[in-house]
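Thanks, everyone. I would like to walk through one model this morning, so please have the sequence and the structure open as I talk.

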Amino acid sequence: MSGHGADYAERLAAERDNFSDQEDVHGDLPPSAHRWAARHMVPKLHELGVESIGSLIVDEIRARAREAAEHGRDAVVLSLGSGNGDQELGWLSALADDGVDNVRVRLLEINHDMQRRAAEAAGRLGFADRVEHLETDFNTWKADTEYDVVVAFQVLHHVLDLEHLYGQVAEGLRSDGVLVVHDMIGRNGHRRWPEALEVIERIWATLPPELRRNSVTGMIDERFDDIDCAVDGFEGIRSQDVLPVLLEYLHPSVFLTFGNVIDPFVDRVYGHNFDMENERHRALIDDIGVLDDSLIDLGVVTPTRLTALFHPRPQPLRAYRDRTPERSVRRTDVVDPAGRVSFHPAASDPHRLVRGSGLAVGRCNGVLHDRWVGRTATIPLRTTAEVDTVELEFWLPEWMPERGTLTVSLDGHQVAAVPVEHGLLHRSVEVALPAHVTAELTLSADWWVNPHAAGLGEDRRTLSYVLNGVTVRKSGT
Ligand SMILES: C[S@@+](CC[C@H](N)C(=O)[O-])C[C@H]1O[C@@H](n2cnc3c(N)ncnc32)[C@H](O)[C@@H]1O
């Protein structure tokens with residue numbers, strides 16, 4: 001046994017079976033997928049200064065090949081799970097057209113039939129001496145040479161031992177090397193997380209039967225079939241870990257995440273139902289694309305796709321708008337006020353206001369970006385252990401003409417009324433909260449000032465005090 005589980009050999013056999021006959025891995029994508037990509041993926045790449053996914057890869061190889069040429073060597077490219085090798089041969093052709101021919105590509109692919117097809121195509125195109133075949137398993141492969149560029153194109157979601165593979169890639173990359181990733185990062189088995197399923201089910205309920213035909217079963221699905229693709233083989237085996245584990249090994253620069261709720265409408269199961277010559281079908285795909293972008297940008301759902309560059313050494317991050325790595329990871333260890341696992345604490349509480357045995361698990365209303373608080377602030381807290389004290393630290397500058405009493409409530413019940421003076425203040429409030437509950441902490445000030453109206457400056461906001469932090473804990477801990 002390999003140490004990868006009792007069913008590893010069985011899964012590997014299923015994976016080989018699945019791909020052996022696939023001569024066109026990316027064929028049969030529905031027209032809705034192409035329309036959506038053109039409208040919702042390509043413009044985002046352009047905003048990051050990237051022409052296309054192909055050019056992202058070729059540009060990285062070209063730059064390193066030119067540098068390698070100065071040292072009289074070839075640039076070495078590794079493609080993980082390279083399939084039939086068609087993309088890789090395309091890169092070599094594009095580079096040859098530019099007069100760049102000091103590139104060697106190593107194809108790491110376990111499937112013998114695919115390797116054979118890749119070798120035949122390389123021979124036909126005159127690249128046989130530029131291509132090497134590593135017919136091996138990326139879950140156990142050891143980096144045996146230095147790489148300028150490693151490419152993972154729709155493959156990391158097939159990897160079981162991500163930690164092993166990322167460790168080897170990090171070791172094999174030259175210090176100025178790069179890993180190019182274009183992959184799926186959604187829930188394991190390409191299933192929907194609950195918050196996305198809820199939206200899809202609502203859309204589903206509005207669709208006419210012809211748009212709900214399942215191309216696998218031929219049936220009209222009354223309910224969206226949220227199948228688990230990882231039941232056999234390795235399709236989506238650890239897709240939800242692809243990004244967070246990668247961030248532990250390498251550092252991103254160009255970083256784009258996208259897609260989620262749109263996925264079932266552009267996949268091979270239902271996507272072909274949408275006729276892009278039909279105005280209403282087109283509008284529906286476009287509308288779901290817009291909705292999906294909004295849901296991602298608002299933090300309601302997290303993206304299922306990643307196109308990015310990663311490096312052995314830290315680089316300036318060039319993320320698409322607010323879609324940072326942190327906001328793109330769907331955390332599974334934090335619970336939101338509705339009892340669902342969905343929020344990243346840093347996304348809910350960017351100032352890290354809540355400390356100790358608790359987390360902010362939703363929007364902190366009333367706390368402004370610079371931590372000034374108006375009359376009322378509400379903070380949804382989730383305790384991680386038993387709590388009997390809430391410590392508030394706040395600051396009331398001397399120039400504030402007003403001060404007064406801060407009423408502290410939990411779930412609408414007053415637990416304290418705290419007199420507030422000028423200066424930096426610490427106040428402890430007794431509470432009784434068991435571990436693992438969610439409670440809404442409300443802070444209500446009975447004083448406030450509009451500095452502009454009071455002739456104290458330009459600030460026109462209603463301000464009461466600056467909140468430095470809320471520490472929840474059990475006394476003595
Ligand atoms: C979705 S395909 C992508 C192929 C190729 N990168 C492309 O985009 O055309 C995933 C590939 O990973 C390969 N693969 C799956 N498990 C593997 C393993 N354990 N080691 C090496 N390759 C593997 C499959 O055979 C398949 O060719």
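Predicted model: local features only at pLDDT ≥ 70, side-chain atom pairs only at ≥ 80, totals over all residues.

Let me start with a question: which residues in helix α9 are buried? They are Val242, Leu243 and Leu246, in a helix that covers residues 242-249, where buried is taken as 20 or more other C-beta atoms, placed from the backbone, within 10 Å of a residue's own. These three sit on the same side of α9, because they cover an arc of only 85 degrees around the axis, the arc being that of the directions from the helix axis to the C-beta atoms.

Residues are numbered from 1 along each chain as its sequence is written.

Stepping back, the protein has 12 helices and 18 strands, which are DSSP runs numbered from the N terminus, helices being H or I of at least four residues and strands E of at least two. Of its 477 residues, 36% count as buried. The domain assignment gives domain 1 as 8-328 and domain 2 as 345-473, with bounds that come from an automatic or database assignment, and 44 Å separate the two centres, taken over C-alpha atoms.

Turning to the strands, eight of them form an open sheet of mixed pairing, in the order β3-β2-β1-β4-β5-β7-β6-β8, where two strands pair if DSSP finds at least two bridges between them. The edges are β3 (131-134) and β8 (318-319), each of which pairs on one side only. Strand β6 (residues 251-258) runs parallel to β8, joined by two bridges, and Phe255 stands opposite Ala319 in β8.

Elsewhere, strand β17 (residues 438-445) runs antiparallel to β12 (residues 372-383), with seven bridges between them, and Thr376 stands opposite Ser444 in β17. Strand β14 (residues 405-410) also pairs with β17 in the antiparallel sense, over five bridges, and here Leu410 stands opposite Leu441.

Finally, the ligand: 20 residues surround it, and the closest are Val25, Gly81, Gly83, Ile110 and Asn111, counting a residue whose C-beta atom, placed from the backbone, lies within 6 Å.

Technical notes: Buried ≥ 20, exposed ≤ 12 C-beta atoms within 10 Å, placed from the backbone.
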